[in-house]
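User: Please take a close look at one part of this structure and describe how it is put together and what lies against it.

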Amino acid sequence: MENGIKRWHIFRLQGSLVSLKFPVAMLLVLFGVIPMVVCTQVLMGALRQSQTDARMVEVQNQCQILSSKMTRAGYLRGDLRDGTMDSEIQAMADVYNGRIVIINRDFRIIQDTFHIAERRFLVAEEVVRCFQGESSSKYNKEKHYFAQAVPIYDNTPIKGIEGVLVITASTEGILTLMDVVQDKVVFMQLLMTLILFLTAAAVVTVLLKPFKELQKKLNQVAAGALDTDISTEGYRETREISHAVGNTISKLKEVDQSRQEFVSNVSHELKTPITSIRVLADSLMSMEEVPVELYREFMEDISDEIDRESKIIDDLLALVKMDKSEAEINLSQVDIVALVKQILKRLRPIANRRKVELILESIRGVTADVDEMKLSLAISNLVENAIKYNSMEGWVRVTVDADHKFFYVKVADSGIGIPEEEQDRIFERFYRVDKARSRQTGGSGLGLAITRRVVLMHKGAIRLSSKEGEGSTFTLRIPLNYIA
Ligand code: ADP
């Protein structure tokens with residue numbers, strides 16, 4: 001039990017290391033936050049691109065309109081150079097936060113809205129291509145600007161190209177706008193993450209409630225309230241855990257109960273001979289002038305009781321020793337027939353006293369890997385019982401047999417037999433069919449429990465068949481070779 005409580009403490013300690021809440025909440029948050037961040041990033045990228053594209057298309061259209069106007073006005077030939085066109089060019093450059101350069105057929109700049117390159121030559125690839133009738137449009141992502149070249153036609157019916165309009169415009173304005181949007185989006189994302197965290201915390205608390213409940217009940221059990229109802233139906237998992245723990249607790253209770261029963265049986269058994277001794281001694285003392293014969297008779301009874309007490313103690317010690325899980329088994333090759341012969345020889349005087357005939361039937365010679373001392377104790381108990389619970393002038397037949405795997409020792413008697421309903425219980429410690437008779441015969445009530453334990457230690461089995469009033473047969477089946 002103490003061990004059990006220690007284990008509970010360890011469980012609780014480990015529980016406080018990483019709560020299940022943490023991974024569950026993290027999963028919920030990750031599944032919410034990651035898709036949200038990815039989606040908004042993709043959307044922001046697409047929005048930035050479409051804004052730039054729209055701006056470029058718009059500027060191109062405006063340039064074409066401006067170019068047509070210049071064609072109509074014969075701007076490049078200087079037909080109408082009153083400054084109206086120049087201010088229109090300047091206005092457009094300002095609107096798009098850019099620079100417009102007009103180049104004539106000699107590749108000379110005739111108008112520059114920045115007024116720094118007028119009369120200089122500009123022979124760029126785009127300009128040359130534009131003179132061949134190809135408009136161009138280029139976007140520089142790193143420096144955030146785009147450049148477009150649009151041809152300016154002359155106003156003759158032949159429609160030759162007489163100049164080129166080159167505009168370079170910055171997209172910083174779009175980027176600034178996008179930065180503002182981005183800030184708002186990040187703020188919204190943070191807000192959403194916070195809401196997700198709070199929701200996840202609330203959801204996790206609800207999800208883990210049955211586990212919490214179970215833990216609370218188990219803590220009560222650990223504190224000693226073994227009868228606490230720990231069934232928790234919240235989930236299949238909690239139900240299964242509570243069932244498994246419930247079964248363990250029932251087993252623990254059974255073990256605890258049988259231990260208590262054993263202790264009370266032991267105390268009772270040990271007390272009985274002492275009570276008898278006290279009664280005998282008291283009555284001797286209360287008598288005056290006791291005749292020697294009576295004195296002797298009482299002393300013999302006292303001596304018998306002492307023998308019984310010492311047998312109970314010996315048997316108890318033997319049983320407790322064998323009950324230990326690390327109980328040793330000292331194996332050696334033993335001649336089973338010789339062993340049984342020796343037992344019968346030792347018990348013959350007791351049998352003779354009750355006029356019980358002891359018969360040994362050895363069907364074949366048997367040698368096996370056994371613990372000689374323990375097996376001898378087990379067989380002796382059976383033969384002793386067969387003599388004790390026999391009728392006067394009855395018989396006990398011990399048969400030794402074997403096959404290729406096991407050997408068998410059968411102890412049959414012509415005694416009082418054992419009622420069917422008691423047959424399962426007689427192997428329990430201190431269990432007796434007829435309490436009075438068993439005590440009279442000096443039994444400790446532990447003989448069959450010891451025998452069964454020895455047989456189990458040898459990985460064998462014991463079987464009983466008996467009919468009340470007709471006799472009993474106990475059969476041991478033990479492997480010839482012990483396999484660990
Ligand atoms: P005990 O010391 O009382 O003999 P055991 O454990 O050897 O204790 O036996 C348990 C009980 O089983 C006995 O009290 C007796 O009632 C019954 N028993 C055992 N062997 C026999 C037998 N051969 N014939 C009839 N009853 C038996």
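Analyst: Strand 3 and strand 4 (residues 145–153) run antiparallel and are joined by 5 bridges. Strands here are DSSP runs of E with at least two residues, helices are runs of H or I with at least four, and both are numbered from the N terminus; two strands pair if DSSP finds at least two bridges between them. Within this pair, Ser-136 stands opposite Ala-149 of strand 4.

This is a predicted model, in which local features need pLDDT of at least 70 and side-chain atom pairs count only at pLDDT 80 or more, while totals for chains, interfaces and linings use all residues. Residues are numbered from 1 along each chain as its sequence is written, and side-chain values use heavy atoms, with hydrogens and water left out.

The pair belongs to an open sheet of 5 strands with antiparallel pairing, in the order 2-1-5-4-3. Its edges are strand 2 (109–112) and strand 3 (136–140), each of which pairs on one side only. From one strand to the next, the twist averages 15 degrees. Angles run from 0 to 180 degrees between N-to-C directions, with axes fitted to C-alpha atoms and, for helices, over the stretch in contact.

Helix 2 (residues 21–73) packs on the sheet and touches strand 1 (98–104), strand 3, strand 4 and strand 5 (161–170), where contact means heavy atoms within 4.5 Å. The direction of helix 2 makes about 25 degrees with that of strand 4. Helix 3 (residues 84–95) lies across strand 1, strand 2 and strand 5. Relative to strand 1, helix 3 runs at about 140 degrees.
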